[in-house]
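Dear colleague,

I am passing on the structure we talked about, together with some notes on what turned up in it. Please have it open beside this message as you read.

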Amino acid sequence: MAAYDYDEPSATHRPASSDAPSQEPGYDPNHVPDSVKSFVVHLYRHIREKNVYEIHQMYETSFQGISERLFKDTPWPSVDAVAHHVDNDHVFCLLYREMWFRHLYARLQPTLKQRIDSWDNYCSLFQVVLHGVVNMQLPNQWLWDMVDEFVYQFQSFCQYRAKMKNKTEQEIALLRQFDQAWNVYGVLNFLQALVEKSAIIQILEHEKEGLEQFTATDGYDYSGGSNVLKVLGYFSMVGLLRVHCLLGDYHTGLKCLQPIDITQQGVYTSVIGSHITTIYHYGFANLMLRRYVEAIREFNKILLYIYKTKQYHQKSPQYEQILKKNEQMYALLAISLSLCPQVKLVEETVNSQLREKYGEKMIRMQRYDDEAFAIYDELFSYACPKFITPSAPSFEEPLVNYNQICDAYRLQLKLFLYEVKQQQLLSGVRTFLKVYSSISLGNLAKYMEVDESKLRTILLTYKHKTHAVDTDGKTISNADVDFYMNDDWVYVVDSKPPKRYGDYFLRQIVKLEGAINDLDRIKLD
């Protein structure tokens with residue numbers, strides 16, 4: 001079995017309070033440097049003034065810069081230390097703690113107490129958004145990061161909790177006491193409540209009828225209102241897709257995303273992290289539901305987009321994650337095309353990159369021998385989400401090194417490889433169907449070295465495995481070669497696509513113009 005790595009390294013458990021981790025020597029949670037004081041004062045003022053541009057600049061640039069300079073290996077000052085600089089504003093303090101914990105997760109290893117405190121902070125923040133009057137505008141990037149981090153910390157907590165072998169009695173007591181912290185129902189309920197309270201589904205429906213403007217303004221409210229609830233509700237649909245994928249419930253995940261038309265530009269494409277996360281999980285869910293054509297189409301589009309735009313994100317904190325997801329989606333595309341050879345759906349640029357990365361492996365994957373299955377295992381293990389088991393392990397026998405997370409992964413891998421093995425039958429049928437326009441059942445059975453009754457079963461299996469049910473309940477075809485039977489004859493449906501010479505020549509013209517521009521910049525002595 002291929003290695004299955006987690007995003008999070010194994011935890012080192014050290015007793016510490018929430019805002020003052022004792023494991024950081026020299027860290028004083030009450031010391032507020034001048035740059036931090038200036039940061040919180042100006043950020044607070046810009047939030048009160050609804051100056052989205054300045055908030056975005058401070059959130060994206062200033063916060064990262066101060067973190068790199070002053071808090072590379074330590075947390076930021078505690079919320080109690082900065083609160084009096086911002087009039088003890090309750091909502092601002094919740095936002096500050098949200099950033100505080102995100103920085104902690106990114107730079108350090110959170111303790112169990114800190115994980116629980118972060119859950120409490122999210123509960124308080126989302127309760128204010130759901131039931132209070134939030135009169136502010138926040139950048140889409142920040143609102144996306146809230147949902148993204150919320151789901152990540154839930155995933156991280158499930159992974160942490162599943163490793164019982166080295167837990168201390170104090171940690172087990174805390175897990176028992178705070179058994180509702182990062183509970184799967186609580187996580188799903190908050191995300192669903194944000195979707196429902198924001199009325200985002202109705203807003204998107206009204207937008208299609210020309211009655212609302214949501215996508216056109218990137219979700220911002222320029223009439224003096226707040227964008228926070230609406231955009232959080234919007235991104236929560238992506239969060240629900242991600243959580244259900246982690247749980248292995250792909251159908252429900254796609255249902256949650258259905259109000260967003262991913263064939264069009266939307267608010268989800270306004271933030272690169274949101275765009276990639278949406279398509280990665282959407283494509284993976286479709287792959288697991290045998291909707292290979294849909295998976296190939298969307299992986300192709302996002303990989304082409306990343307190829308064209310990744311140089312603009314090199315200084316972004318998300319750049320490494322962009323590159324990682326890019327590589328994982330190439331692996332998923334290789335799997336999809338091996339199971340459903342529809343190369344015509346893939347752009348030449350993406351196909352070239354794919355051949356360079358996985359060309360040799362894809363050829364070997366067509367053999368359906370032990371080596372091929374090992375490659376499928378390897379690519380799936382590398383590219384799949386980090387599955388979780390949401391239920392708590394037994395606290396009665398904590399020394400048993402029983403890892404529920406690995407069990408969740410093994411189950412999904414088993415289901416996937418079972419599907420791959422069933423495709424072995426289809427590879428032989430596909431080979432012959434590509435050669436003939438029509439052939440008798442008797443001859444086809446002879447060539448495949450099976451009797452006619454078994455051949456009929458194989459052909460019915462081919463029909464079943466090359467068709468799937470989409471989210472709307474309609475049957476869709478993934479077949480690159482289709483056929484129908486009449487009496488004892490098999491007739492192949494010609495599905496050769498028209499060759500797109502225009503696209504090819506346009507791409508070559510663009511390459512030539514680029515080469516000419518490069519030559520023009522060269523100064524000869």
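**What was found**

Setting aside neighbours within four places in sequence, Thr278 makes contact with Val238, Leu241, Leu257, Ile262 and Tyr268. Thr278 belongs to helix α12, which covers residues 272–288, and it counts as buried because its relative accessibility is 0%, where the cut-off for buried is under 20%.

Please keep in mind that this is a predicted model. The mean pLDDT of the protein chain is 86, and 89% of its residues reach 70 or more, but over residues 6–23 the pLDDT stays under 50.

As to the chain as a whole, its secondary structure comes to 20 helices and 5 strands, and buried residues make up 53% of its 525 residues. Among the contacts with a separation of 6 or more, 75% are between residues 24 or more positions apart. The accessible surface of the protein chain is about 25500 Å², and carbon and sulfur atoms account for 51% of that area.

Not counting residues up to four places away in sequence, Ile200 touches Val195, Phe214, Lys230, Gly233, Tyr234 and Met237. Ile200 and Ile260 are 60 residues apart in sequence, while their C-alpha atoms are 9.8 Å apart in space.

Helix α5, made up of residues 112–131, is mostly covered, in that 15 of its 20 residues are buried. From its first C-alpha to its last, α5 reaches 29 Å, which is close to the 28 Å expected at 1.5 Å a residue.

Lastly, there is the surface to consider. Which residues form a nonpolar patch there? They are Phe505, Leu506 and Ile509, which together have about 320 Å² of accessible area. Of these, Phe505 lies in helix α20, residues 501–521, and it counts as exposed because its relative accessibility of 51% is over the 50% cut-off.

With best wishes

Notes: Residues numbered from 1 in each chain as written. Predicted model: local features only at pLDDT ≥ 70, side-chain atom pairs only at ≥ 80, totals over all residues. Heavy atoms only, no water. pLDDT = per-residue confidence, 0-100. Contact = heavy atoms within 4.5 Å. Patch = residues over 30% accessible without salt bridge, like charges linked within 9 Å, V, L, I, M, F, W, Y side chains within 5 Å. Areas by Shrake-Rupley, 256 points an atom, 1.4 Å probe, with all protein chains shown as cover. Salt bridge = Lys/Arg side-chain N within 4 Å of Asp/Glu carboxyl O. Helix = DSSP H or I, 4+ residues; strand = E, 2+ residues; numbered from the N terminus. Buried < 20%, exposed > 50% of the residue type's maximum accessible area, 1.4 Å probe, protein only. Expected span 1.5 Å × (residues − 1).
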